[in-house]
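This report describes contacts between side chains in a protein chain. Please consult the sequence and the structure shown here while reading.

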Amino acid sequence: RNLLTFAGEPMILASAAWNQTLPVTMFAVARSLDSTTANQHLIGKTLVDNPVIFKYTGNWSLFAGNPLASSVAVTNNWHTFTALVSAGTGNLRLNGTSVLTGNTGAAYWNNTPILIGSSIPPRCGWVGDIAEVLIYSGALSEADISTVESY
């Protein structure tokens, strides 16, 4: 069941700030209700157009300095998203399967709050349902990631 439904504008500001020089592991259970709008941010930051997990031009993507686009098309199904960003490398998993890994670039989000359902500006708001978001400071092990993804 969905916990929150976003229509493109609302967002939740998390009190935690992410120091991007440190690793982070993020999980989300969500579904897009609009597979045609190009730029929607599931988890973002309070800097202009700086999402972590988002969809862009129809594919799931990851961004932490450089955009990394997967070849996995957006559908309106429920998905488990896992993003691990550590030491300039990012990995995005969809339903437990890695869909992209690459260089996320320089750390420039340091100590800015995390947004759920958008980034600043809110024109990049998520259109869909979000059932859960978990954010861990640190790079979880493969075993820990699998445990969280399967619960």
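With which residue does Asp129 form a salt bridge? Its partner is Arg31, and the closest N and O atoms are 2.8 Å apart. The model discussed here is predicted. Asp129 is buried, with a relative accessible area of 3%, whereas Arg31 is partly exposed at 25%.

The structure holds three salt bridges, and the table lists them.

| Salt bridge | Closest N and O atoms |
|---|---|
| Asp129 and Arg31 | 2.8 Å |
| Glu142 and Arg93 | 2.7 Å |
| Arg93 and Glu149 | 2.7 Å |

Arg93, Glu142 and Glu149 are linked in a network of salt bridges. Arg93 lies in strand S9 and Glu149 in helix H1, so their pair ties together parts that are 56 residues apart in sequence. Glu142 is also in helix H1, 49 residues from Arg93. Both Arg93 and Glu149 are buried, while Glu142 is partly exposed, with a relative accessible area of 49%.

A search of the whole structure finds one aromatic pair. The ring centres of Phe27 and Tyr136 are 5.8 Å apart and the planes stand at 90°; the pair is therefore edge-to-face. Phe27 is buried at 4% relative accessible area, and Tyr136 is partly exposed at 32%.

The largest nonpolar core has 21 residues. Its largest share, four residues, comes from strand S3. Among the residues with the most contacts inside this core are Leu42, Trp60 and Phe81.

Conventions: Residues numbered from 1 in each chain as written. Predicted model: local features only at pLDDT ≥ 70, side-chain atom pairs only at ≥ 80, totals over all residues. Heavy atoms only, no water. Phe/Tyr/Trp six-rings, centres within 6.5 Å; stacked < 30°, edge-to-face > 60°. Buried < 20%, exposed > 50% of the residue type's maximum accessible area, 1.4 Å probe, protein only. Core = buried A, V, L, I, M, F, W, Y, C linked by side-chain atoms within 4.5 Å. Helix = DSSP H or I, 4+ residues; strand = E, 2+ residues; numbered from the N terminus. Salt bridge = Lys/Arg side-chain N within 4 Å of Asp/Glu carboxyl O.
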